[in-house]
Each structure stands twice: as structure tokens, then as C-alpha cells.
Amino acid sequence: VVRTAAPVLLPLLAAASVRSRRRRRACRSGRAGLAGLELRGRAVARRAEATAETAEAPEATTASDEEPAMEEAPAGTTRDGRARVAKRFSDVVVAITSPLGEEDDERLPDVGDSVQFAGGAVGHVVALSDLCFAAVLSNPEDGVEEGEGYVILPKSLRPMVAVPKSAGALVDARGKVFSTEHVGEEAAGVEPQAKEEESVPWFNEIVGLIRRQRIDTPLHAGVMGLDAFVPIGRGQSMLLRLPTGVSEAKLMDFLAHVVAAQEGNEVRSVAAVSTETEGRRLQGMLEGREASERLTIVAGRSEQGRPGEAVLAMNAACALAEAHRDAGGDALLLLDLEPLYRVWAGLADVSAREGLVEQANKEQNKEIESLPEELGVELWRYVARRNAVSARRRTFLGCFLQRAGRMAEDRGGGSLTLLAFARLKDDSKLSRLELEAKLKSVQQMKLDEAVRQKAVERIEAQLAELPEDGGGVGVPDDFVEEAKAVTDGHVVFTDGAADGEGPARWCVDIHESVARGITADTVQSRPLHVLRSLNLKMHLMQQEEGSSEATVDLEGFAEERVDLELGPLRALLQQPVGDVLSVGEEAALLLLALDEAALAVEARPLVAEVLALLVRARVRLGDLEPRVRAFAAERHRQGQELDPEALADALELRPLERKRLFAAAAEEAPEPAAASQASVAPTAEDSAVWQIVLRGRYAALRGRLDGLSAARPDVVAALAGEGLEDEALREKLVALRAGLREAA
């Protein structure tokens, strides 16, 4: 009877015991309150001291031969399975939990919980992994030593952020407004006089799909590369991957551009930055703009750019954006992904060092070990570990990046749009571990002492430039790929976006950028949709991939398929950051680009003539073809014939090349067939010269747009399409295009 009943009764008794312990723990947490925190902290401290004394005391007895051997402790814990602090970097503490922990001083907390360490320091949990968690210290100056215990505080003590009384404020993660009299001083804030109902918790539950609705309203970004080719909807989450070389200052330029584009609408922007100085700079860039009055900036309290403070600022900014969304408004959240990566990297380092992944997946590993050797046990073990790490990382990112959405009408109908910028890490720069290994190797080499000292000083200087956590600047590609998987879409920028010392540019890679599940009918501005900008995007992609189809169907905007030169359309992807375009200006600029593209097609005979002349003059074409096309298109637009002197000036030819060019122009031109053969020349569309030519073309298009806006501001404003049906808007666009061709 016992053998039969045991398999059924024992699990029931165990479950009842667990429920009983949880009820007792909940009662204790409810009764403890603020008054009990100090006593519980002291208890944890005494337990830690007792453990330390026991470890230091000499052994009094030895185990007898008859006693069973003590089982080896699991990796990551002490022999008694005690939870402890494993690592601290900057203001982030990583602690290991007990494998079977159920009490508040050994179990795994939830994201958003507050914990108190044995020394009295309080931290806020921001990330979880296998049997460990990362907590950001409430006061970065508090001391936390490795080996300390912790206790989870009641959920009633979860941190809150005060909702600013008015937008346009610069606050910290608690909602304290930074004082303008003490810029740069730590914690130089003034506590707002906010009522309890004006505060919201840092960490909220993710709204489920059943409480959301379809995204059907565009978010205007003021960027041709986005609004025309990769549109973003209100309620969407997008990852924007910037190339290496984008500085912190240029990143602020990108954020300011998107905020400034919200001019004249009802979107409220919330930005998270690492320091008060960055927040002040962002405010200064938007000074005088109407959109700055609807901007709230949440910054870390110190000027060291601590990753933990930055993550808390991100959570507080998200909470403020969610509060505006829940009130029925449209919120836009802008942030840098790098602090999240730095916190996760520290957590993953402890998990790998202590073998916590293997311990958490012990049962799965046992099944793998039981497989026959010919099935590749080592391979499956490697795959299982990689999948476990990837799943934890994706869960960590999803808990934050998937907070975007548009609420159902019964929940107010508000929306939260999330734009996460990620600067790609430069793999050519070594990490702290790699530099330390290199330093050790150099110190052990048999070198001349002066050479050794010089090499050591150079490596030590590189180490000093790294952040305190050793993460370096930027986010590695594998972390970016995981972030792509949990967002609604992603935008990839080409290397031209960094542009060295010049202004940053919105150089969108239309091949790699995508907005998943989003259609033009729902999230694209109506003028760009009527102009069929997504058809133009497909045409650009197909031509760059070598498609034989030379024409594009604009579906009603043009009577038939049209042949377009790609240069003016590609020039739209060279828009400088800070050149904010309105909806009407984007429509007019696209019309101007279409006009230039059509004229360039008409100028192809002139291009062939110029190329033939250069071949006869024995001028190395190299990277000159893009300049030749731009020169020919401009001459054709102005109704001018080929002028050798103007050509020599435009191409910046050397004296000997100019002399040969003038001599070739004076000779009798060959037959048309020879000219046709001479027009075949190598292209350099990916070269630096081609990029310069495209930027010049964008500047020319922008100049024509400024002239049109000055001469006919009513026409540009009407292109926004407000109050017009699609057919009436199409008629306006067709009429404006005809006027542009007539003027040309």
C-alpha cells in the first residue's frame, strides 16, 4: 500500500509544504514593512559573519572512514548552497542564488524587486539569468563586498518615479528635477512636490496582445530614408543600428532630429540619457522648438556614465512614457541600447565563470549525456548551452523592448513607440580581458627594457580608456541580432552615417532594413503612399542587385511605367542629421528627385558623348563616372550643350588631361557606334567619390526645395494632404510635378 500510494502522496505533500511556506513568507513580508528592514538586514549580516568565522576556524575533527564523503558543491555556490554576491562592477552588483532557495535571503527575485545586502546597501533588480541576478545600487557610493548575503524587500517598497508636472523637464530616475544652478554636481536635484497618485512604478507588467489594437498611424521621423522607405508606426518598436565611429555627441544629434520632427503633432517624447550633461546638451539642441515643450529627459545622477544608473533612467523613462500612453496619449521613447548590454555582459560573465548555465540545465545535460557517442554528444552539449544563453538574453531584451504597442480603445487607445539606437562595437579594439592577457604576455617576453616599458605604457593607456566595467564603446553584433529578434523591425545604417569629422547622416541601408508586419497603407504618410515610395524602394533594390527590369510602376501617379536614373533617388539617403523635413517637404523633395531622375534618363545621350570624349582624351575614368552623370544631367536640365572647359572644371582635371581633352574636342567626333562603345566604362558607385557626388546631389535637391518653399509655401504645405482625399492629393502632386518639368 505504501509503495502504491507514495508516488501520489509525496508530490501532494511537497506542494502543500511549499504553499504553506509561501503563505508564511507573505505574512512576514506584509508585517515587516519599513520597521522590519533593519532587523532583517542585521540578521543577514550576523549569518554572514557566522559563516565567515566558521570558515576561518581550524578544523577540530577529521572525518572517519565510515562517514560518507561530502558531495561536491554545485558550481557557483558554497558547500551549503548559500546565496552570495559574486561580483561588483561600477554601480551594478551580481549575486548568485541558491539552487533550491525559497526564502527571501536565497531565492531568485523578480525584475523590479529591491534587495538589501548584508552591509546595508540597497539595490534594484534589473536583470535575471540562470541562478543569478544583477541589481543596481540605489547609492553607488555604498560598499558591497563579494560573499555578502542579501534579502529581498517587500514589493510594497518597489521604487517609483514622480511624473513631472510639465513636459520639457530634465529629471533623474526618481523624478527629481535637476537644478540649473549646480549643473554637473551629483544628485543636484530638487524633490518635486508630487502627490502619491502622481508617481508611477519603474517596472510595470507588459501589456498583452489581447489588450492592444492594430497599428494604423504613422510616426513622422523627418527622415526620407525612414518615412519613404522604412516607415515607422505609432506603437511600434524599432532598433536602429548605427555603424562604428558614431560618437556620443552624434548619437544625441540623431535623438534630437527625431524629437524635432514631432513639431505640430501631439506626440510626447521621453528620452533616456546617461548623464545630466548629455541631457543639458539635448535640451540645448532643441531650444526654441515647439517639440521641446513636449520632451521629458531622464538622466543618471552622476557624471561618470555608470551603466546601472543609465538602465534605471531607461526604466524610469519607459514608466513615464507608459503613463502618458495609459492616459490615452501617444508617447515616443528614445534610448541608447549600450547600458543594457553592459549590465547583461557583467551578468553573463558571472554565469559563465561559475558554471550556472550547466547547473540550471542539469536535467537536459543528463539526457544529452545518455545519447550514443555517434550522435555527437559534444555538439549537442554545445548547442544546448548556446541556446540556453541566447534564450536568457532574448528574454532580458524582450522584457524591455517589447513594451511598445497601441492600446485597445477600451484602454484609452494610446500608443508607445520605442526607438532603440545601438552603436556597433568596433571589433578591432580589444576588451579588458584581452588587453590584460596581452599586457601579461608582454611583461613575460624577453625584450629590451626600454621597448618593454614603452609597450606596457601603451597597453596600460588603452586599459585606462575603457569604461569601468571594461565593456568598451558600442554593442557587439550578436547582442544587436538578439535585439532585432524581439523588436517589430530594424533599421541598419551604412558606414557613411558616421562621416568622420563631418555631420552624421541618415544613410539607411534599404536592403538590410525592414519593418516586420507593417504595410504602407497603415503607417506611411499619405503623400508618400500616393507617390508609391515603397515601389521606388523595390526598384532601387532590384537595380542594385542587377535586375534587367529598367522601369518602375508608380500605380496611378504616372500613366505608364517610367524609366528613372537611380542617382537622384539614392541621394535621398544622404540626408544630414539635423535637416528635419516636414510631411509636405518630404513629398516635394521626392517629387524633385523623381524629376531629376527622369531628366537624367533624357540626358543619357549627353553622358555617352562626354564619356566618349574622355576616352579619346585618354583620361582615366576611375571614379569620374558619377561626376560625369551629374554634370550631364545638370547641363541637360539647363538646356546647355557640351562645353569642354566647363567639363574640365567640373571634373577637376590636371593640366595635361585638360590639354588632351581640348585637343580631342577639336577633332572630328567618331561614328555613333564608336561613341556607343566608348560609353561603356567601369562604375564606382560604392566609392568615396560616388558618395560625395550623391551628397552634392542631395544638397542641390535641398536647394531647389528651399526655393520652392520660398516661392510657393502654400503649395508645399498643401502637400501634407490634411483634409484631402487620396484622389485630390494625387491631382495636386501631378500638377506640381508638371509645373516642375515646365520650370526645368
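**Reading a predicted model**

Colleague: What is the make-up, by class, of the lining of the largest cavity?

Modeller: By class, nine residues of that lining are nonpolar, one is polar and three are charged. Please keep in mind that this is a predicted model.

Colleague: What makes this space a cavity, and how much space lies in it?

Modeller: A cavity is a set of points where a 1.4 Å probe fits but cannot get out. The largest cavity holds about 90 Å³ of space, and the structure has two cavities of 30 Å³ or more. Its lining counts 13 residues, and A272, V273, S274, D336 and P339 are the ones nearest the centre. The elements giving two or more residues to this lining are α4 (248–260), β13 (268–273) and α6 (307–326). Of these, α4 gives the most, with four residues.

Colleague: Why is S415 called buried?

Modeller: The cut-off for buried is under 20% relative accessible area. S415 has 1% relative accessibility, so S415 counts as buried. You will find S415 in strand β17, residues 415–423. Leaving out residues up to four places away in sequence, S415 touches several others, including R234, R325 and G405.

Colleague: What makes the pairing of the S415 and D330 side chains a polar contact?

Modeller: A polar contact needs a pair of N or O atoms within 3.5 Å. The S415 and D330 side chains make theirs at 2.6 Å, so the distance meets that limit.

Colleague: How do you know where the buried residues of helix α21 lie around its axis?

Modeller: Those residues are L647, A648 and L651, in a helix spanning 644–651. They cover an arc of only 100° around the axis, so they are on the same side of α21. Their packing partners are α19 (604–616), α20 (625–637) and α22 (655–666).

Colleague: What is found at the start of α21, and what comes just after this helix?

Modeller: At the start, a side-chain oxygen of D643 comes to within 3.2 Å of the backbone nitrogen of E645. Just after α21, E652 has a positive phi of about 55°.

Notes:
Residues numbered from 1 in each chain as written. Predicted model: local features only at pLDDT ≥ 70, side-chain atom pairs only at ≥ 80, totals over all residues. Heavy atoms only, no water. Buried < 20%, exposed > 50% of the residue type's maximum accessible area, 1.4 Å probe, protein only. Arc of directions from axis to C-beta. Contact = heavy atoms within 4.5 Å. Polar contact = N/O pair within 3.5 Å; in protein donor to acceptor, adjacent residues only side chain to side chain. 1 Å grid on protein atoms, 1.4 Å probe; cavity = no way out; pocket = protein on both sides within 12 Å on 5 of 7 lines; lining within 4 Å. Points joined across faces, edges and corners; volume = space filled by probe spheres on them. Nonpolar A, V, L, I, M, F, W, Y, C, P; charged D, E, K, R; others polar.
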